[in-house]
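Dear colleague,

Please find below the structure that I am handing over to you.

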Amino acid sequence: MSPTDAAIGGEPRTLPVSFHGYRQAHAGTWLDYARVHLDDPDRARTLVARALLDLARTWAHALRRPNVHAYAWALFRRHLDEYGPHPARIAVAASPHIPSLPGRHYDVLILRTRLRCSAEQVADLLGTTADGVRCDLRWALRRSATHPGTTDPSEDIP
């Protein structure tokens, strides 16, 4: 039984199989993403557990949304953003490789370059297409190349 199951009612059967599948497919990447932005691995685990708990509570609503993956990622990001200005996020964003980027472009850049996710994995996670991910990544890389002193972070992107 997972911590999410225990927090929601203690029985794995209290949550739909579709939620378990979603959690199994994406919780690891959520945790990796949170670790990039938080200075403490325990805080990252707590954040992901809380976000999953929130998602579990709203799963029926999520399934009625046009794009459950986009809904879930937005919910996860809200939890991350509630932690306030993160020293790690500021440092990541201030990196010469990563200028200040709009949310989705930033997410794509981190997921592709830092976490080494494939375009297909990122598309599934964000609820978009692999072509959209590649377009967002190209835009983010072009933007980072326009900042003085930056180098191309796209080397060896899978």
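Helix 2 bends by about 45 degrees at His-26; the bend at a residue is the angle between axes fitted to the seven residues ending there and the seven starting there. Helices (H or I, at least four residues) and strands (E, at least two) are DSSP runs, numbered from the N terminus.

Please note that this is a predicted model, in which local features need pLDDT of at least 70 and side-chain atom pairs count only at pLDDT 80 or more, while totals for chains, interfaces and linings use all residues. Residues are numbered from 1 along each chain as its sequence is written, and side-chain values use heavy atoms, with hydrogens and water left out.

The protein has nine helices and zero strands. Buried residues make up 46% of its 158 residues, where buried means under 20% relative accessible area, exposed over 50%, and partly exposed in between (1.4 Å probe, protein chains only).

Several residues of helix 2 are buried, among them Tyr-22, His-26, Trp-30 and Tyr-33. The axes of helix 2 (residues 17-37) and helix 5 (residues 68-82) come within 12 Å and cross at roughly 30 degrees. Such axes are lines fitted to C-alpha atoms, for helices over the stretch in contact, and angles run from 0 to 180 degrees between N-to-C directions.

Which residues meet where helix 2 and helix 5 are in contact? From helix 2 they are Tyr-22, His-26, Trp-30, Tyr-33, Ala-34 and His-37, and from helix 5 they are His-69, Ala-72, Trp-73, Phe-76, Arg-77 and Leu-80. Contact means heavy atoms within 4.5 Å. By class, this contact has eight nonpolar, three polar and one charged residues; Ala, Val, Leu, Ile, Met, Phe, Trp, Tyr, Cys and Pro count as nonpolar, Asp, Glu, Lys and Arg as charged, and the others, Gly among them, as polar.

Two residues in other helices deserve a mention. Asp-107, found in helix 7 (residues 103-114), is buried because its relative accessible area is 5%. Leaving aside neighbours within four places in sequence, Asp-107 is in contact with Tyr-33, Trp-73 and Arg-77.

Ala-51 lies in helix 3 (residues 41-57) and counts as buried because its relative accessibility is 0%. Not counting residues up to four places away in sequence, Ala-51 touches Trp-30, Leu-75, Phe-76 and His-79. Ala-51 and Phe-76 are 25 residues apart in sequence, and their C-alpha atoms are 5.4 Å apart in space.

Yours sincerely
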